[in-house]
Amino acid sequence: MAWSNQDKCAIVGVGATDYYVRGKSWPRTINDMAGEAILKACADAGISIKDIDGIAYYSGAGAGYLDKFDTASLMETLGMPHISFSASLTSGGGGCPGAIGLATAGLMNEDAKYMVTLMALQQLPQHRLGVVFGANAPSPESSFLQPSGLVGPGHLMSVLARRHMHLYGTTQDAFGEVVMATRANTHNRPKAVRKEPLTKEQYDASVMLADPLRRLDFCLETDGAVAVITTTMDRAKDCRHKPAVVHACAHGGQREWGRAFAWMGMPDPHFASSGHKFTADRIWAQSGLSAKDMDVALIYDHFSPMVLLQLEDYGFCEKGEGNDYVLSGKLRYDPATGRGVNGGTPVNTHGGNLNEAYIIGMTHIVEGVEQVRGTAINQVRDAEFALVSGGPASLPVSSLILRSA
Amino acid sequence: MADVIQYGPARLLPGEQIAITTNPDTEPFWQAAKEHRLTACQCAKCRHFRMPPTAYCPECSSRDKNWPVLPGTATVFSYAICNKNPKTGGDFIYVPVVVDLDGAPGARLNANVTGCDAEDVRIGMKVTVEWTAIQDGWVLPNFRAASPGA
């Protein structure tokens with residue numbers, strides 16, 4: 001059954017700072033960067049910061065992993081005269097595209113007129129995400145995980161990737177192809193952190209950090225801020241750009257995934273998955289669409305195997321067939337034709353978290369907006385539908401289908 | 001596919017750098033471990049196992065718990081091979097394993113495995129509990145390969 005909010009709201013503005021290598025954004029403050037992203041998103045939409053009256057966060061309104069956004073502080077900093085919606089999805093980056101659904105809910109409830117969704121990330125030495133699990137004193141729950149020395153997200157993800165290799169014969173070559181295929185999309189992107197082409201030899205020489213995962217299977221550690229503005233379709237018509245229509249959006253997940261790699265209790269086949277099956281089924285049911293209808297897929301890529309596992313959960317290929325799907329080149333974007341390769345759907349035409357920048361999912365939303373506007377640097381020809389995913393992580397995870405107006 | 005890396009012996013992370021905390025739901029597990037008894041949280045009503053221990057049985061909502069003594073054997077469900085001590089950053093080969101506990105269907109532990117080379121750890125490998133003293137007088141269950149290289 002079609003989602004009752006289908007095509008009723010749209011993303012109308014996007015804004016971002018430069019992307020900095022971890023820690024290099026200092027001496028800017030995190031609110032300085034957040035402000036730049038919000039003001040740029042307003043300019044992109046053709047509205048005033050004074051028009052912003054709602055904020056739909058994710059990650060518990062986290063700014064990175066140790067800082068927090070505060071709506072009152074943002075109002076004082078940026079001068080929004082009043083706010084009539086301020087809410088967040090829970091957990092972490094898995095909720096990123098789901099925050100657009102939260103914004104839609106607030107807009108449809110007439111709580112607010114122009115909603116901001118944002119993330120700012122500044123990984124100063126004491127805030128470095130890669131070691132954040134190990135740096136915390138273990139809680140009673142994490143006392144069942146942390147003593148094993150699974151201290152970083154990459155360690156945790158490698159255990160899931162290993163199980164997938166065991167069950168389905170998945171190879172490290174496929175993880176390498178995820179990195180290489182998306183790296184090929186950054187050479188022409190001025191803001192991308194990694195722009196040089198990547199060869200298989202270079203990938204194979206990358207240091208093993210958590211076997212089976214190499215350094216290049218881990219996403220970038222970057223600083224920066226990204227904001228997007230969502231509003232209703234009637235208001236979107238008065239904005240500067242063609243609206244990126246919110247066609248479907250869902251967050252959540254099922255108990256078998258739960259806290260995922262913060263727990264490791266998932267039964268097969270959920271263990272060696274991205275935890276997105278429930279959410280994937282929901283957005284396809286909401287929209288009546290399926291993976292083959294997507295013109296471009298912006299897949300959350302904190303770790304390369306998780307791209308492969310999401311492609312399975314969203315049905316771009318069957319469960320267990322991700323290895324062959326990836327190795328047949330189907331993630332690649334062909335600039336000559338503006339389309340995919342070998343019948344595939346281009347994945348992460350912006351380079352993703354692995355190659356462009358990691359702002360906890362927001363860059364994927366921006367690329368989805370630019371693709372359906374028709375203004376992307378690596379434009380997919382006639383892109384009508386863009387899939388955006390967030391996570392895999394502890395629930396909720398989420399996804400979004402944007403449609404060209 | 002790249003060659004298999006020769007890591008050498010899988011070591012246990014030093015107990016003196018490991019701390020835990022407990023709450024009333026989890027403490028019986030750790031009290032048993034102090035006495036070198038491996039247990040898991042079992043619902044006293046429907047017999048469903050759950051780990052980590054929590055207040056309610058997710059199957060039947062009962063708050064009543066059993067703490068049966070398990071055989072102390074387990075099967076490797078998945079693993080990673082790590083090469084740096086997470087506290088010091090120094091070179092250190094250790095293998096975090098996720099194990100299925102014998103006698104407690106559905107209950108898993110995350111631990112280190114030793115008694116074999118890291119590159120010889122396999123999914124499906126049988127392991128036996130090995131107790132590691134950690135900070136504050138607590139004891140951590142780790143595991144040893146039941147037959148080296150198996």
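In the predicted model, C41(B) stands opposite R50(B), a residue of β2(B). Two bridges connect β1 of chain B (residues 41-43) with β2(B), and the two strands run antiparallel. Strands here are DSSP runs of E with at least two residues, helices are runs of H or I with at least four residues, and both are numbered from the N terminus. Two strands pair if DSSP finds at least two bridges between them.

These strands belong to an open sheet of three strands in chain B, ordered β2-β1-β3 with antiparallel pairing. Its edges are β2 (49-50) and β3 (65-66) of chain B, each of which pairs on one side only.

Strand pairing also links the two chains. Strand β8 of chain A (residues 208-211) is joined to β5(B) by two bridges, and the strands run antiparallel. Here I81(B) in β5(B) is the bridge partner of D211(A).

Across the interface, 29 residues of chain B are in contact with 29 residues of chain A. Contact requires C-beta atoms, placed from the backbone, to lie within 7 Å. On the side of chain B that touches chain A, two or more residues come from each of β4 (73-79), β5 (81-84), β7 (96-101) and β8 (108-114) of chain B. The largest share, four residues, is given by β8(B). By class, this side of chain B holds 21 nonpolar residues, seven polar and one charged. Ala, Val, Leu, Ile, Met, Phe, Trp, Tyr, Cys and Pro count as nonpolar, Asp, Glu, Lys and Arg as charged, and the others, including Gly, as polar.

Residues are numbered from 1 along each chain as its sequence is written, and chains are lettered from A and ligands numbered from 1 in the order in which they are written. In this predicted model, local features need pLDDT of at least 70, side-chain atom pairs count only at pLDDT 80 or more, and totals for chains, interfaces and linings use all residues.

Key
Two residues are in contact if their C-beta atoms, placed from the backbone, lie within 7 Å.
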